[in-house]
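Dear colleague,

My notes on it follow.

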There are 2 protein chains.
Amino acid sequence: MMNIAVLVSGGGTNLQALIDAQGRGELPNGKIALVLASKPGVYALERAAKAGIPSDVLVRRDFPTQDAYDEALIGRLEAARIDLIVLAGFLTIISERVVGRFENRIINVHPSLIPSFCGEGYYGLRVHEEALRRGVKVTGATVHFVNNVCDGGPIILQRAVEVQEGDTPELLQRRVMEQAEWKLLPKAAALFCEGRLAVEGAIVHIREE
Amino acid sequence: MMNIAVLVSGGGTNLQALIDAQGRGELPNGKIALVLASKPGVYALERAAKAGIPSDVLVRRDFPTQDAYDEALIGRLEAARIDLIVLAGFLTIISERVVGRFENRIINVHPSLIPSFCGEGYYGLRVHEEALRRGVKVTGATVHFVNNVCDGGPIILQRAVEVQEGDTPELLQRRVMEQAEWKLLPKAAALFCEGRLAVEGAIVHIREE
């Protein structure tokens with residue numbers, strides 16, 4: 001059984017998608033063992049409580065240095081014997097030290113088809129604003145391993161979503177969440193926990209069951 | 001009835017997709033009126049002959065200057081009263097003059113989901129090589145209006161295609177052609193001929209029937 005930590009900063013809809021997938025038995029080899037929030041009072045913490053998942057809050061500015069914060073974060077993850085870290089709308093930067101400590105064990109979901117609309121400055125609603133500004137007819141979401149390049153890590157799964165006439169950034173964001181993010185993230189976590197992901201350079205091979 | 005010119009440089013599989021769509025009645029307001037090849041002897045010319053479509057060859061190096069070539073190209077298109085120009089694997093550069101003369105009446109198909117894997121240097125198999133090198137799990141094709149930025153014009157239609165384990169550039173190219181290019185190009189031509197495309201800046205609005 002692999003222990004999963006989900007790192008959150010807000011409402012936690014991606015966390016909920018993972019909790020629901022676990023409830024449906026779609027994470028057979030994984031257990032959501034810890035929810036870590038970047039600030040207190042976020043709704044994701046309530047979702048964790050309702051699902052009976054231990055949670056904690058680690059606020060970057062409570063620590064004098066990045067190193068002190070990193071040490072606390074790594075300590076908390078190691079204490080819970082975490083195998084997989086899922087960034088589910090986590091807005092605090094994950095340092096190179098943490099990435100190095102959990103190489104190819106941190107996954108993130110990004111609301112576009114990488115390499116479109118990604119990198120520095122592309123987060124949240126901004127991604128969808130830029131997609132609509134460019135006039136694309138297809139967008140989507142990507143789950144990838146986190147490395148030291150923003151949105152640059154090996155891609156695990158992607159799913160396309162149609163842009164529709166009359167879309168606003170908010171409408172498109174919601175459709176990308178529903179049709180792609182909430183499906184891809186539990187699927188990627190399940191594949192990881194089943195030991196079916198093999199990283200070879202920039203490529204993630206998915207082994208047959 | 002709109003007259004369509006298809007500009008080709010090789011085998012002409014995209015031309016064939018348009019001919020087949022016309023044969024199935026899927027281009028009700030359009031007629032493929034002219035095939036123009038950038039060199040003699042290409043198989044696309046045989047496809048045109050078999051379908052009874054007039055064709056011609058215009059070789060850039062047969063003309064002393066770009067202007068002289070442009071004049072011949074524009075003359076040939078105007079003589080055939082062409083309303084829509086479809087670039088179907090046409091490897092000769094379309095100059096700003098020709099683009100200006102047929103503003104929002106030239107469409108091109110590109111074998112990726114623009115803005116991924118497009119721009120200078122991304123053509124043919126290179127597009128698929130780069131997509132595989134980046135490790136994307138979803139790629140696709142884009143039909144767009146041609147403006148003066150390489151692959152930068154307003155997007156008309158896009159379709160996603162899955163990358164599969166074991167893909168080579170050649171396998172992926174074939175799948176993108178079959179599942180996306182050959183479907184999108186006739187569809188975009190039909191929408192144009194039905195007067196259903198409205199360009200507003202970088203956005204192409206598709207009007208309801």
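Salt bridges

Over all chains the count comes to 20 salt bridges, a salt bridge being a side-chain nitrogen of Lys or Arg within 4 Å of a carboxyl oxygen of Asp or Glu. One of them joins the side chains of A:Arg101 and A:Glu78, at 2.2 Å from N to O. This pair links distant parts of the chain, 23 residues apart: A:Arg101 is in helix H4 (residues 96-101) of chain A and A:Glu78 in helix H3 (residues 66-79) of chain A. Helices (H or I, at least four residues) and strands (E, at least two) are DSSP runs, numbered from the N terminus.

Basis of the values

This is a predicted model, in which local features need pLDDT of at least 70 and side-chain atom pairs count only at pLDDT 80 or more, while totals for chains, interfaces and linings use all residues. Residues are numbered from 1 along each chain as its sequence is written, chains are lettered from A and ligands numbered from 1 in the order in which they are written, and side-chain values use heavy atoms, with hydrogens and water left out.

Interface of chain A and chain B

In contact (heavy atoms within 4.5 Å) are 27 residues of chain A and 27 residues of chain B. The two chains bury about 2,000 Å² between them, 52% of it on carbon and sulfur atoms; buried area is the accessible area (1.4 Å probe) that two parts lose on being put together, summed over both. A:Arg134, A:Lys137 and A:Glu165 supply 30% of the area that chain A buries against chain B, more than any other three residues.

Across this interface the rule finds zero salt bridges. Helix H5 (125-134), strand S7 (155-162) and strand S9 (203-206) of chain A are the elements that give two or more residues to the side touching chain B. S7(A) gives the most, with six residues. By class, that side of chain A has 15 nonpolar, six polar and six charged residues; Ala, Val, Leu, Ile, Met, Phe, Trp, Tyr, Cys and Pro count as nonpolar, Asp, Glu, Lys and Arg as charged, and the others, Gly among them, as polar.

Backbone

A cis peptide bond joins A:Ile114 and A:Pro115, with omega about 15°. A:Pro115 is placed in the loop between strand S5 (106-110) and H5 of chain A. In chain B, a cis peptide bond joins B:Ile114 and B:Pro115, where omega is about 15°.

A:Arg81, a residue other than glycine, has a positive phi, near 50°. A:Arg81 lies in the loop between H3 and strand S4 (84-88) of chain A.

After H6(B) comes B:Gly195, whose phi is positive, near 70°.

Regards
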